[in-house]
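Subject: Structure for your files

Hello,

Here is the structure, with the sequence alongside. My notes on what turned up in it follow below.

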Amino acid sequence: SEMQAKLLELMVNQADPQVTVVGDDDQCIYCFRGAEPGNFSRLPQRYEHCTLVDNYRSTANILRVAHVLLEECARREAKTLAPTRETGAPVELWKVATPAEQASELVRAMQARHEEGVPWGEMACLFRCFKAGEMGSLHKPLQQELSLRRVPYTLLGGKGLFELAAVLDALAYLRLPALGS
């Protein structure tokens with residue numbers, strides 16, 4: 001965010017800036033924190049710039065679909081990620097209208113895979129934001145659907161933003177001037 005950029009400028013020795021910024025300008029889901037596509041494009045104006053394109057997380061099929069979806073975005077840096085993993089399974093696209101319909105489709109797909117021989121313990125559903133989304137809490141309809149269809153599951157929760165060590169450290173650092181000498 002712009003606030004983070006200003007904080008960075010205050011912390012960095014401007015005579016000899018040694019800065020490493022890691023992130024993904026396509027991660028616009030963080031707009032609630034002030035993230036916007038222009039944040040990364042402003043960095044080369046202030047600091048030496050290098051864009052990394054090797055992707056170690058996603059398969060080639062996932063990156064191909066992501067590229068098609070993102071290439072029309074006007075406010076993004078043009079880049080093509082290079083997969084380091086195999087092609088992977090074909091990407092499935094479901095059109096659903098509600099969290100309950102999404103949960104129903106997901107559990108149906110899980111049951112189909114289980115009938116094909118995939119053990120329940122080898123399946124997972126990951127939520128980027130566990131607590132709540134625009135349409136409310138997305139994990140609750142899934143829990144209800146899993147229970148209704150008697151699919152075994154274990155619910156593991158992550159930490160909230162202000163419980164993360166990096167955020168707590170940054171807040172402690174910002175409190176130092178208030179403590180005086």
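By the rule used here, the count comes to 3 salt bridges, where a salt bridge is a side-chain nitrogen of Lys or Arg within 4 Å of a carboxyl oxygen of Asp or Glu. The model is predicted, so local features need pLDDT of at least 70 and side-chain atom pairs count only at pLDDT 80 or more, while totals for chains, interfaces and linings use all residues. Residues are numbered from 1 along each chain as its sequence is written, and side-chain values use heavy atoms, with hydrogens and water left out.

Salt bridges

Glu 92 pairs with Arg 113, with 2.4 Å between the closest N and O atoms. Helices (H or I, at least four residues) and strands (E, at least two) are DSSP runs, numbered from the N terminus. Glu 92 is partly exposed at 46% relative accessible area, and Arg 113 is partly exposed at 33%. For these labels, buried means under 20% relative accessible area, exposed means over 50%, and partly exposed is in between (1.4 Å probe, protein chains only).

Glu 105 and Arg 108 form a salt bridge at 2.9 Å, N to O. They are 3 residues apart in helix H4, which means that about one helical turn separates them. Glu 105 is partly exposed at 25%, as is Arg 108 at 37%.

Arg 149 forms a salt bridge with Glu 145, the closest N and O atoms being 2.7 Å apart. Here Arg 149 is partly exposed at 27%, whereas Glu 145 is buried at 14%.

In helix H3 (residues 60-70), Ala 60, Asn 61 and Leu 63 are buried. Viewed down the axis of H3, the buried residues fall within an arc of 165°, so they line one face of the helix; the arc is that of the directions from the helix axis to the C-beta atoms. These buried residues pack against strand E1 (54-55) and strand E2 (82-83).

Asn 55 belongs to strand E1 and is buried, with 14% relative accessibility. Neighbours within four places in sequence aside, Asn 55 is in contact (heavy atoms within 4.5 Å) with Leu 63, Leu 81, Ala 82, Pro 83 and Thr 84.

Nonpolar surface patch

Leu 7, Leu 10, Met 11, Tyr 173, Leu 174, Leu 176 and Leu 179 make up a nonpolar patch on the surface, with about 760 Å² of accessible area together. Helix H1 (2-11) and helix H6 (165-179) are the elements that give two or more residues to the patch, and H6 has the largest share, 4 residues. Leu 179, in helix H6, is exposed at 67% relative accessible area. Patches take residues with over 30% relative accessible area and no salt bridge, joining like charges within 9 Å and nonpolar side chains (Val, Leu, Ile, Met, Phe, Trp, Tyr) within 5 Å. Areas come from the Shrake-Rupley method with a 1.4 Å probe, and for residues only the protein chains shown count as cover.

Gln 18

Gln 18 lies in the loop between H1 and helix H2 (38-46) and is exposed, at 64% relative accessibility. Its C-alpha atom is 9.3 Å from that of Glu 48, 30 residues apart along the chain.

Regards
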